[in-house]
Amino acid sequence: MIVTPAPYPARRFQGAVAIVTGAGSGIGQAAARRLAAEGARVAALDIDGEAAARTAAAIGTAAIAIRTDVADPASIAAALAACLEAFGPPGILLNVAGVPDTANGPGLDQIDLDRWNRTLAVNLTGPFLLSKAVLPAMVAAGTGAIVNVSSLAGRSKSTNATAAYSASKAGLLGLTRHLAFDYGPLGIRVNAICPGGVDTPMIRAAAVKNAEDPEEKARRKARIAAHQHMMPIKRLSSPEEQAAAMLFLASADAAYVNGVALDVNGGMYMA
Ligand SMILES: NC(=O)c1ccc[n+]([C@@H]2O[C@H](COP(=O)([O-])OP(=O)(O)OC[C@H]3O[C@@H](n4cnc5c(N)ncnc54)[C@H](O)[C@@H]3O)[C@@H](O)[C@H]2O)c1
């Protein structure tokens, strides 16, 4: 007989303090909710302050919402100060916030420097800045876990976003490995997950300005169908499935796992 486990059988994060970026939607929201369900207090950061507030409200007193732009060092400093005041120093950092960069076609000729810089600023510089902000407290505590959300795009190439997106996510894996090497001796583990297609507003292109345009809708449908065709597991992932992998890496269950890029893509890319 197959026994279905309870949704959150463990309290692996009892007493922990976690910062989750991109917590207003998708994977970040799912991760924030599950962290709290397993005992953590969570600072839910998002550039969309209302979305972060909705996540925190759904969690209750174990969460605070902080409107934060991960590309802005001053915004991160303010968020860390708010986290310290509410809950104390974070022992877990989940760098989830990201931008897709799919609008207007994937050609390099359409990526001007501003667009390149913004994609890199959010997807790569953001995790660099957040890590820099939280590492001193983790070093002082002699323990900590950072989990970055890279992508299939970082392991191979993006199926539907631009070269800027692929470069940002590949760069994030380099940052992950380097920090894992530098901070492993100090008790801090740094890992990444590499999702394939996840059923969130990002892949459905809700963030794209012309999301309701019939042509964009048709392109989006084709993109999602292409994803599903390539997948041995014939469906998109849920955000909760990605959160589960992140929380494994953040937890003591992964105490000897450091510097990995964990593919969570249903077998779409195998390496
Ligand atoms: N959805 C997928 O198929 C997929 C696949 C691979 C990787 N990813 C990665 O997963 C992560 C989460 O994406 P998602 O699918 O949950 O998308 P999502 O759009 O549902 O959530 C992304 C969140 O990040 C926030 N955000 C964007 N820019 C920000 C900034 N500058 N500062 C703070 N917050 C910001 C958004 O407001 C949003 O709430 C991203 O890094 C994305 O690149 C997603």
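Student: What's the angle between α1 and helix α8, and how far apart are the axes?
Tutor: This is a predicted model, and in it α1 packs against α8 (residues 239–250) at about 55°, with the axes 8 Å apart. That angle makes the pair oblique.

Student: Left-handed or right-handed crossing?
Tutor: α1 passes α8 in a right-handed crossing.

Student: Which residues make the contact?
Tutor: From α1 you have Gly26, Ile27, Gln29, Ala30, Ala31, Arg34 and Leu35. α8 brings Pro239, Glu240, Gln242, Ala243, Met246 and Leu247. By class, that contact of α1 with α8 splits into eight nonpolar, three polar and two charged residues.

Student: OK, and α1 with α2? What's the crossing angle there?
Tutor: Roughly 25°, and the axes of α1 and α2 (residues 49–59) come within 10 Å. Angles under 35 degrees count as roughly parallel, so α1 is roughly parallel to α2. The crossing of these two is right-handed.

Student: Who's touching whom?
Tutor: Gln29, Ala32, Arg33 and Ala36 on the α1 side, and Thr55, Ala58 and Ile59 on the α2 side. The class count for α1 with α2 is four nonpolar, two polar and one charged.

Student: Let's switch to α4 and α6. How do their axes run, roughly parallel or roughly antiparallel?
Tutor: Roughly parallel. The axes of α4 (residues 113–141) and α6 (residues 163–183) cross at roughly 15° and come within 8 Å. The crossing of α4 past α6 is right-handed.

Student: And which residues form that contact?
Tutor: α4 contributes Arg115, Trp116, Thr119, Leu120, Asn123, Leu124, Pro127, Phe128, Ser131 and Leu135. α6 contributes Ala164, Tyr165, Ser168, Lys169, Gly171, Leu172, Leu175, Leu179 and Tyr183. Sorted by class, the α4 contact with α6 holds twelve nonpolar, five polar and two charged residues.

Student: Now the ligand. Which residues come nearest?
Tutor: Gly22, Gly26, Gly98, Thr200 and Met202, out of 31 residues around the ligand. Gly26 also turned up in the contact of α1 with α8.

Student: Which element gives the largest share of that shell?
Tutor: Helix α1 (residues 26–37), with three residues.

Student: Zooming out, how many helices and strands does the protein have?
Tutor: Eight helices and seven strands.

Student: What are the overall dimensions of the C-alpha trace?
Tutor: About 55 × 50 × 35 Å along the principal axes.

Student: How does the radius of gyration fit with a compact globule?
Tutor: It agrees: for 271 residues a compact globule would have a radius of gyration near 18 Å, and the protein has 18 Å.

How values were computed:
Residues are numbered from 1 along each chain as its sequence is written. This is a predicted model: local features need pLDDT of at least 70, side-chain atom pairs count only at pLDDT 80 or more; totals for chains, interfaces and linings use all residues. A residue is near a molecule or strand if its C-beta atom, placed from the backbone, lies within 6 Å of it. Helices (H or I, at least four residues) and strands (E, at least two) are DSSP runs, numbered from the N terminus. Axes are lines fitted to C-alpha atoms, for helices over the stretch in contact, and angles run from 0 to 180 degrees between N-to-C directions. Angles under 35 degrees count as roughly parallel, over 145 as roughly antiparallel, 65 to 115 as roughly perpendicular and the rest as oblique. A crossing is left-handed if the near helix is turned anticlockwise from the far one by less than a right angle, and right-handed if clockwise. Two residues are in contact if their C-beta atoms, placed from the backbone, lie within 7 Å. Ala, Val, Leu, Ile, Met, Phe, Trp, Tyr, Cys and Pro count as nonpolar, Asp, Glu, Lys and Arg as charged, and the others, Gly among them, as polar. The radius of gyration is taken over C-alpha atoms; the globule rule is 2.2 Å times the number of residues to the power 0.38.
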